[in-house]
Amino acid sequence: PIEFYINAFEKALETNQAACLCGILAAEASGLPESVRDALAEFTLRNIDWLERAMKVEHPEWQADEIKDTASLIFSALEGAIVFAAMTDNPAHLKRVGERLQKLVE
């Protein structure tokens, strides 16, 4: 399941040739209306929650704090990588980050 999540970021970059809206908005969160900040936080937490549930299935031996930290790391790394890849017109960067993340959760 994690590889499908990572692939979604890669497909988004390939299709839109831009960073995802979540990362762009998050960079400007302090200037956004509260309702938009709340929606952005909810979107982020839902993504991390999905990753946590996926990792619980893939790694039932992991402790809860390890799963939570890894889910947050995956989301944060992919958000940063897609912004960097779009900014530098270097989709290979996102691909490399995705590959490293997959190895992390093997």
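**Aromatic rings and their surroundings**

Tutor: In this predicted model, Y5 and F9 are both part of helix 1, where they sit four residues apart, about one turn of the helix.

Student: Why is the pair of Y5 and F9 called tilted?
Tutor: The ring centres of Y5 and F9 are 5.4 Å apart and their planes stand at 55°, whereas pairing requires centres within 6.5 Å, and planes under 30 degrees apart count as stacked and over 60 as edge-to-face; the pair of Y5 and F9 is therefore tilted.

Student: How do you know whether Y5 and F9 are buried or exposed?
Tutor: Buried means under 20% relative accessible area; Y5 has a relative accessibility of 10%, so Y5 counts as buried, and F9, at 9%, therefore counts as buried too.

Student: What makes the pair of Y5 and W50 stacked?
Tutor: Planes under 30 degrees apart count as stacked, and the rings of Y5 and W50, with centres 5.6 Å apart, have their planes at 20°, so this pair is stacked. Because Y5 belongs to helix 1 and W50 to helix 3, the pair ties together parts that are 45 residues apart in sequence.

Student: Which residues touch the most other members of the largest nonpolar core?
Tutor: That core has 25 residues, and I2, Y5, L51, M55, I74, L78 and L94 touch the most other members. Two or more residues come from each of helix 1 (2–16), helix 3 (34–58), helix 4 (64–88) and helix 5 (91–104), and helix 4 gives the most, with eight residues.

Student: What is I74 in contact with, leaving aside its neighbours within four places in sequence?
Tutor: With heavy atoms within 4.5 Å as the criterion, I74 is in contact with I2, Y5, L51, M55, L101 and V105.

Student: How do the residues lining the second largest pocket divide into nonpolar, polar and charged?
Tutor: The second largest pocket, with a volume of about 170 Å³, has a lining of 12 nonpolar residues, one polar and one charged. F9, C20, C22, F43 and E79 lie nearest its centre, and helix 1 gives the most to this lining, with four residues.

How values were computed: Residues are numbered from 1 along each chain as its sequence is written. This is a predicted model: local features need pLDDT of at least 70, side-chain atom pairs count only at pLDDT 80 or more; totals for chains, interfaces and linings use all residues. Side-chain values use heavy atoms; hydrogens and water are left out. A nonpolar core is a set of buried Ala, Val, Leu, Ile, Met, Phe, Trp, Tyr and Cys residues joined through side-chain atoms within 4.5 Å. Buried means under 20% relative accessible area, exposed over 50%, partly exposed in between (1.4 Å probe, protein chains only). Rings of Phe, Tyr and Trp (its six-membered ring) pair if their centres lie within 6.5 Å; planes under 30 degrees apart count as stacked, over 60 as edge-to-face and the rest as tilted. On a 1 Å grid over the protein atoms alone, a cavity is a set of points where a 1.4 Å probe fits but cannot get out, and a pocket is an open set with protein on both sides within 12 Å along at least five of seven lines; lining residues have an atom within 4 Å of a point. Grid points are joined across faces, edges and corners, and a volume is the space filled by probe spheres set on the points. Ala, Val, Leu, Ile, Met, Phe, Trp, Tyr, Cys and Pro count as nonpolar, Asp, Glu, Lys and Arg as charged, and the others, Gly among them, as polar.
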